[in-house]
Amino acid sequence: MLFGLSIPPPAVAASPWLERVMTNSLDRLTRWLCGSVSNQRQAFESPPLYGHIHVRYRPLGQLAPRSMLIEQAYAIAPKEPYRIRVVRPLLCPEQGLKVMNYTLAEPQRFFGAIDDADLRSEIREDDLTHLEGCNYLVRDQGDHFSGSVEPGCHCRVRRKGRDSYLVSEFVLRNGSMETIDRGHDPDTHEQLWGSLPGPFLFERKEDWSDELLPLWGGLMQG
Ligand code: CYC
């Protein structure tokens, strides 16, 4: 091919060394997510501004590698999560680290699954619907990961009878997570839901990353 008219191959496949580095980073992202976090301190310090929320990520060994169930619940109603999803961190040749987000058919069937290994094991690939436009693009920043929902305002969320698109960012450290999720009106761009004062600050309460090690043929043992 003359003068660079060929399309370059994807960066990740181009170098086994780079692929190794990226896989290490993908595994670290997965391990740091895997556990239970809460914003108890923040909620107690600023009671009217922030509800007290628990966010828990736990592996789903029967699904594709690095799949995790995520459950968000108010501390006052831990058994009635308001959001339950499946996330799957993966390496995308063109975009690098990426977290796919899925909804579950009949989410009520899996309430409590975060604490119940038998119920978790019943979640099948068929129960998942990929949330188009809601993939998270993540960068390894050394001592933390930063990320945001993919650009384009395509992550549509219907809430309280209104359409919105998601604007979301997160920073993940080994032991803490900051997130800000906001919904905006597709026409006026006015904020319709989500935190006004700033990000939620979560601190790790439990580390479940050891549960990843035996799964997917020992893939995460490095
Ligand atoms: C929605 N939060 C979402 C969505 C994404 C994320 C992608 C849109 C898709 C969906 O409906 O689930 C966030 N996804 C993430 C993040 C990662 C990821 C951060 C990185 C691992 O892969 N969210 C919070 C707060 C809380 C909140 C604690 C209060 C604002 O972090 C709520 N997130 C929240 C709500 C929605 C949402 C209410 C809309 C979906 C719904 O109504 O169920």
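**Exercise 1.** In this predicted model, find the residues with the most contacts inside the largest nonpolar core, and state which elements give two or more residues to this core.

*Solution.* The largest nonpolar core has 32 residues, and those with the most contacts inside it are Leu33, Leu60, Met68, Leu69, Ile123, Leu172 and Phe202. Two or more residues each come from helix 2 (16-33), strand 2 (53-59), strand 3 (68-74), strand 4, strand 5, strand 10 and strand 13 (200-207). Taking Leu33 as an example, and leaving out residues up to four places away in sequence, one finds that it touches Tyr57, Met68 and Leu172. Another core, of six residues, lies apart from the largest one and includes Leu131, Cys134, Val149 and Tyr165.

**Exercise 2.** Determine whether arginine 66 is buried or exposed, and do likewise for lysine 160.

*Solution.* Arginine 66 belongs to the loop between strand 2 and strand 3, and its phi is near 75°, a positive value in a residue other than glycine. Because it has 26 C-beta neighbours inside 10 Å, arginine 66 counts as buried, the cut-off being 20 or more. Lysine 160, in the loop between strand 9 and strand 10, has a positive phi of about 50° although it is not a glycine. With 8 other C-beta atoms within 10 Å, lysine 160 is exposed.

Conventions: Residues are numbered from 1 along each chain as its sequence is written. This is a predicted model: local features need pLDDT of at least 70, side-chain atom pairs count only at pLDDT 80 or more; totals for chains, interfaces and linings use all residues. A nonpolar core is a set of buried Ala, Val, Leu, Ile, Met, Phe, Trp, Tyr and Cys residues joined through C-beta atoms within 7 Å. A residue is buried if 20 or more other C-beta atoms lie within 10 Å of its own, exposed if 12 or fewer, and partly exposed in between; C-beta atoms are placed from the backbone. Helices (H or I, at least four residues) and strands (E, at least two) are DSSP runs, numbered from the N terminus. Two residues are in contact if their C-beta atoms, placed from the backbone, lie within 7 Å.
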